[in-house]
Amino acid sequence: MSTPLLQDEVETHAPPSIWETAKALAAEFRLTAVERDEAGGTPKAERDLIRNSGLLALSIPETEGGLGANWQDTMQVVREFARADSSIAHVFAFHHLMLATVQLFAHPDQWRPWFEHTARLNWFWGNALNPLDDRTISRQVGNWYEFSGKKSFCSGALDSEMLIVSAYTEDKHDLVVAALPTGRTGITVLQDWNNIGQRQTDSGSVNFEKVRVEMNDLLADPGPLSTPFSCLRPLLAQLILTNIYLGIAEGAFEDARHYTLNEARPWHRSGLAHQTDDPYILAHYGEFWASLQSARALTDLAAAKFDQAWNKGRQLTETERGEAAIDITSAKIIATRTGLDITSRMFEVAGSRATHAGLRLDRHWRNLRTHTLHDPVDYKIKELGEWALKQQYPTPTFYS
């Protein structure tokens with residue numbers, strides 16, 4: 001299906017082969033998205049398609065065997081996947097977030113071998129960081145550490161080769177972050193994710209039972225959120241969420257447009273032969289398009305600003321980091337509101353037949369509603385208000 005939403009040529013600096021691969025994968029994901037949304041569970045076949053595509057090395061520098069894409073291009077691939085299946089986009093994007101985490105929190109002597117192995121062996125990285133869940137405790141035992149406890153919302157942990165894990169010291173004062181093989185003794189990934197949306201992100205729980213953590217596993221140089229550059233980690237997380245939200249909105253728009261053009265019938269009181277001539281339907285689409293264009297412009301601007309900050313490396317200043325945060329926050333607010341509006345109002349342009357359970361068009365809203373609760377948009381608006389009124393940049397946390 002061709003629509004004016006998907007351009008033939010996307011503005012990207014990535015080699016054409018990368019973009020062609022991403023589009024081909026998205027087309028494959030789209031074929032089974034409805035059935036897999038109903039089934040839930042792990043998208044093993046789809047994850048293996050990504051493994052075999054080489055795109056797990058997308059953001060890895062060429063010097064470590066990767067494809068060397070910048071974050072703008074990586075976000076374009078994330079958004080393309082999200083149009084077809086936001087669960088796949090989620091685990092793919094979080095894989096690259098985990099790679100960025102080790103690069104931001106650890107010394108190059110640590111992360112370079114991990115990157116080389118990831119690029120060569122197609123490792124998938126999963127998330128067991130969740131700093132709001134303080135049930136996992138770190139205890140020092142001689143010259144190593146022991147992690148014990150449980151983590152929730154561990155997206156992509158199942159069917160991964162590596163995990164980013166966090167634990168609190170026994171006094172709950174300090175957060176300790178480590179990169180661990182998922183198969184290490186004592187780690188058990190639970191299949192307990194059964195939410196209304198994002199049903200194939202495997203965002204369930206992970207148990208840690210006396211897991212041995214070596215000193216070289218710890219991401220302690222410079223460590224989490226210790227410098228302006230390391231504080232880019234939460235901004236990348238926010239940028240990823242923004243692109244997933246926008247991709248969901250674009251996918252919902254595509255499905256609504258297809259249904260309006262091919263299935264919807266005019267309201268009997270309209271006096272029109274075709275639904276596509278109804279002025280109310282046209283007004284909805286005009287509003288959808290204007291909102292999407294605004295969200296795209298802000299999201300692409302935010303990605304460009306993030307790349308500028310990323311390229312500064314350890315020379316990045318707090319002010320430069322703050323400027324990137326403002327643009328990303330603005331984009332996330334607009335993508336959230338635009339997405340929730342379109343995924344709900346799409347039924348007003350499609351009609352009652354579009355609510356047939358077999359179509360599962362409600363998955364767009366369910367996915368977005370589940371994901372946008374990751375951290376409340378009200379607090380993002382508050383942060384932006386503090387900047388607009390008092391010129392105060394957001395204080396870096398794992399969510400800002």
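The model is predicted, so local features require a pLDDT of at least 70 and side-chain atom pairs a pLDDT of 80 or more, while totals for chains, interfaces and linings use all residues. Residues are numbered from 1 along each chain as its sequence is written, and side-chain values use heavy atoms, without hydrogens and water.

Helices (H or I, at least four residues) and strands (E, at least two) are DSSP runs, numbered from the N terminus. H5 comprises 14 residues, 108-121. The expected span of a helix is 1.5 Å times one less than its number of residues.

Burial is judged by relative accessible area: buried means under 20%, exposed over 50%, and partly exposed in between (1.4 Å probe, protein chains only). In H5, the buried residues are Pro108, Gln110, Trp111, Trp114, Phe115, Thr118 and Ala119. They lie on the same side of H5, because they cover an arc of only 150° around the axis, the arc being that of the directions from the helix axis to the C-beta atoms. An α-helix has 3.6 residues a turn, so residues three or four places apart point the same way. The face turned away from the buried side carries the exposed residues Asp109 and Arg120.

The buried residues of H5 pack against helix H4 (86-105) and strands S1 (125-128), S4 (162-169) and S5 (175-181); contact means heavy atoms within 4.5 Å. After H5 comes Asn122, whose phi is positive, near 60°.

Rings of Phe, Tyr and Trp (its six-membered ring) pair if their centres lie within 6.5 Å; planes under 30 degrees apart count as stacked, over 60 as edge-to-face and the rest as tilted. By this rule there are 14 aromatic pairs. One of them is the edge-to-face pair of Phe105 and Phe398, 6.4 Å centre to centre with 85° between the planes. This pair links distant parts of the chain, 293 residues apart: Phe105 is in helix H4, and Phe398 is in the segment after helix H10 (377-390). Phe105 is buried at 0% relative accessible area, and Phe398 is buried at 14%.

Lastly, the cysteines may be considered. The structure holds zero disulfides, a disulfide being a pair of cysteine sulfur atoms within 2.5 Å. Cys154 is buried, with a relative accessible area of 1%, and Cys231 is buried at 7%.
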